[in-house]
Amino acid sequence: MGTKRFKETGRDSFWGNTSMGRWCPLNTFCAGWNGLIDWNAFGEQLIALYVGGGEMGRPPYPPVMRLKTLLLAYLYNVSERQVAVYVQENLPARWFVGLAANERAPDHTTL
């Protein structure tokens, strides 16, 4: 079997945790959710649902990122198109889903 690989999100880059931690207030709704739930526990269960298990084809977005984006869509009662725009334009939402400031958010067809 191959190794699981995912699309680069820039989370560990300068524009990721380093800068986003300084720009985003830690008392936001999204920051609170990051601390309450162990999101990585969902990753292995969700990657099993991917075709090829994340080992074949183009690298997919991490499953936890997609889960968090869909959770935002549910909580704010917006469509996939609207949540894609929201994540693209809102720094705390980007930080919550795991995107760096200079990376593009997944579009509605990915969600």
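Let me start with helices H3 and H4, which are roughly perpendicular to each other. That word covers angles of 65 to 115 degrees, while angles under 35 degrees count as roughly parallel, over 145 as roughly antiparallel, and the rest as oblique. The axes of H3, residues 40-47, and H4, residues 63-75, come within 8 Å and cross at roughly 105 degrees. An axis here is a line fitted to C-alpha atoms, for helices over the stretch in contact, and angles run from 0 to 180 degrees between N-to-C directions. On the H3 side the contact is made by Phe42, Gly43, Leu46 and Ile47, and on the H4 side by Pro63, Val64 and Leu67. Contact means heavy atoms within 4.5 Å. By class, this contact of H3 with H4 has six nonpolar residues, one polar and no charged. Ala, Val, Leu, Ile, Met, Phe, Trp, Tyr, Cys and Pro count as nonpolar, Asp, Glu, Lys and Arg as charged, and the others, Gly among them, as polar.

A word on what you are looking at. This is a predicted model, in which local features need pLDDT of at least 70 and side-chain atom pairs count only at pLDDT 80 or more, while totals for chains, interfaces and linings use all residues. Residues are numbered from 1 along each chain as its sequence is written, and side-chain values use heavy atoms, with hydrogens and water left out.

Now the chain as a whole. Of the 111 residues, 36% count as buried. Buried means under 20% relative accessible area, exposed over 50%, and partly exposed in between, with a 1.4 Å probe and protein chains only. Among contacts between residues at least 6 apart in sequence, 66% join residues at least 24 apart.

Next, the core. What is the number of residues in the largest nonpolar core? It has 14, and those with the most contacts inside it are Leu72, Val87, Phe96, Val97 and Leu99. A nonpolar core is a set of buried Ala, Val, Leu, Ile, Met, Phe, Trp, Tyr and Cys residues joined through side-chain atoms within 4.5 Å. H4, H5 (80-89) and H6 (91-97) each supply at least two residues of this core. H4 gives the most, with five residues.

Two further residues of H4 deserve a look. Lysine 68 lies in H4 and counts as buried, at 8% relative accessibility. Leaving aside neighbours within four places in sequence, lysine 68 is in contact with Asn34, Trp39, Phe96 and Val97. Lysine 68 and phenylalanine 96 are 28 residues apart in sequence, and 7.5 Å apart in space, C-alpha to C-alpha. Threonine 69, also found in H4, is buried with a relative accessible area of 1%. From threonine 69 to alanine 105 is 36 residues in sequence and 9.4 Å in space, again C-alpha to C-alpha.

On to H5. Which residues of H5 are buried? They are Val83, Ala84 and Val87. These cover an arc of only 105 degrees around the axis, which puts them on the same side of H5; the arc is that of the directions from the helix axis to the C-beta atoms. The buried residues of H5 pack against H4 and H6. The face turned away from the buried side carries the exposed residues Arg81 and Glu89.

Take alanine 84 from that buried set. Its relative accessible area is 12%. Setting aside neighbours within four places in sequence, alanine 84 is in contact with Ala105, Pro106, Asp107 and His108. The C-alpha atoms of alanine 84 and leucine 72, twelve residues apart along the chain, are separated by 9.8 Å.

Last, two loop residues. Leucine 49 is found in the loop between H3 and H4 and is exposed, with a relative accessible area of 67%. Leucine 49 and proline 63 are 14 residues apart in sequence and 9.3 Å apart in space, C-alpha to C-alpha. Asparagine 77 is found in the loop between H4 and H5, and is exposed at 70% relative accessible area. Most residues other than glycine have a negative phi. Asparagine 77 has a positive phi of about 55 degrees although it is not a glycine.

Notes. Helices (H or I, at least four residues) and strands (E, at least two) are DSSP runs, numbered from the N terminus.
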